[in-house]
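Please look over the fold shown here before reading the notes. A short briefing on its architecture and packing comes after it.

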Amino acid sequence: DSIFMADLEKMYLQHCRKQADITIGLLPKKNTSRYGTVQLAEDDRFTGFYEKKTNGSGLINTGVYVFHHAFFKHLNLSGNFSLEKDVFEIFAAHAGFYAYREHAYFIDIGLPDDYRKAQNDLPKFFL
């Protein structure tokens with residue numbers, strides 16, 4: 001339910017360079033209350049992930065990911081699970097999770113006003 005106009009090729013190349021388990025697209029935001037936020041080490045490796053628990057400014061989870069398939073083979077996930085709560089929050093500090101930061105167009109269309117805004121904004125990218 002979000003749109004992030006990230007450069008996916010650059011994100012993938014960074015993922016490969018870092019030999020990451022998961023690379024998560026991040027964007028700086030002044031109000032993070034609607035989004036998952038992260039703590040990062042100096043090398044952009046995750047040290048913590050917090051799903052919709054913080055206010056103020058920070059880096060938010062855009063919902064755009066690159067995964068290394070082998071990471072999931074070792075997890076005991078069955079049935080329904082939350083990627084953010086059952087994977088990111090638990091494993092972020094213990095695995096090769098890295099940030100991909102980009103200042104690109106982002107909108108969460110989960111609210112009616114933002115959905116309408118996206119309908120007006122998106123044609124500008126494709127015309």
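The model is predicted. The protein has 5 helices and 7 strands. From the N terminus, the elements run β-α-β-β-β-β-α-α-β-β-α-α. The radius of gyration is 15 Å, close to the 14 Å that the globule rule gives for 127 residues, so the protein is as compact as a globular protein of that length.

**Overall dimensions and surface**
- Along the principal axes, the C-alpha atoms fill a box of roughly 45 × 35 × 30 Å.
- Buried residues account for 39% of the 127 residues.
- The accessible surface is about 7800 Å², and carbon and sulfur atoms hold 51% of it.
- Of the contacts between residues at least 6 apart in sequence, 68% join residues at least 24 apart.

**Nonpolar cores**
- In soluble globular proteins, nonpolar side chains tend to be buried together.
- The largest nonpolar core here has 16 residues. Those with the most contacts inside it are Ile-22, Leu-26, Phe-46, Phe-71, Val-87, Phe-88 and Phe-97.
- Strand 2, strand 4, helix 3 and strand 6 each supply at least two residues of this core.
- Leaving aside residues up to four places away in sequence, Phe-71 touches Asp-21, Ile-22, Val-87, Phe-91, Ala-95 and Phe-97.

**Helix 3 and its cover**
- Helix 3 spans residues 83-91, and its buried residues are Leu-83, Val-87 and Phe-88.
- An α-helix has 3.6 residues a turn, so residues three or four places apart point the same way.
- The cover over the buried residues of helix 3 includes strand 2 (22-29), strand 4 (46-50) and strand 5 (58-67). It also includes helix 2 (69-73) and strand 6 (97-101).

**The strand 3–strand 4 hairpin**
- Strand 3 (residues 37-40) and strand 4 run antiparallel, joined by 4 bridges.
- Thr-37 has Tyr-50 of strand 4 as its bridge partner.
- The two strands form a hairpin with 5 residues between them. In the turn, Asp-44 has a positive phi of about 70°.

- Leu-127 sits in the segment after helix 5 (123-126).
- Is Leu-127 buried or exposed? Leu-127 is exposed, because its relative accessible area is 89%, and the cut-off for exposed is over 50%.
- Leu-127 and His-68 are 59 residues apart in sequence and 34 Å apart in space, C-alpha to C-alpha.

Conventions. Residues are numbered from 1 along each chain as its sequence is written. This is a predicted model: local features need pLDDT of at least 70, side-chain atom pairs count only at pLDDT 80 or more; totals for chains, interfaces and linings use all residues. Side-chain values use heavy atoms; hydrogens and water are left out. Buried means under 20% relative accessible area, exposed over 50%, partly exposed in between (1.4 Å probe, protein chains only). Contact means heavy atoms within 4.5 Å. A nonpolar core is a set of buried Ala, Val, Leu, Ile, Met, Phe, Trp, Tyr and Cys residues joined through side-chain atoms within 4.5 Å. Two strands pair if DSSP finds at least two bridges between them. The radius of gyration is taken over C-alpha atoms; the globule rule is 2.2 Å times the number of residues to the power 0.38. Accessible areas come from the Shrake-Rupley method with a 1.4 Å probe; for residues, only the protein chains shown count as cover.
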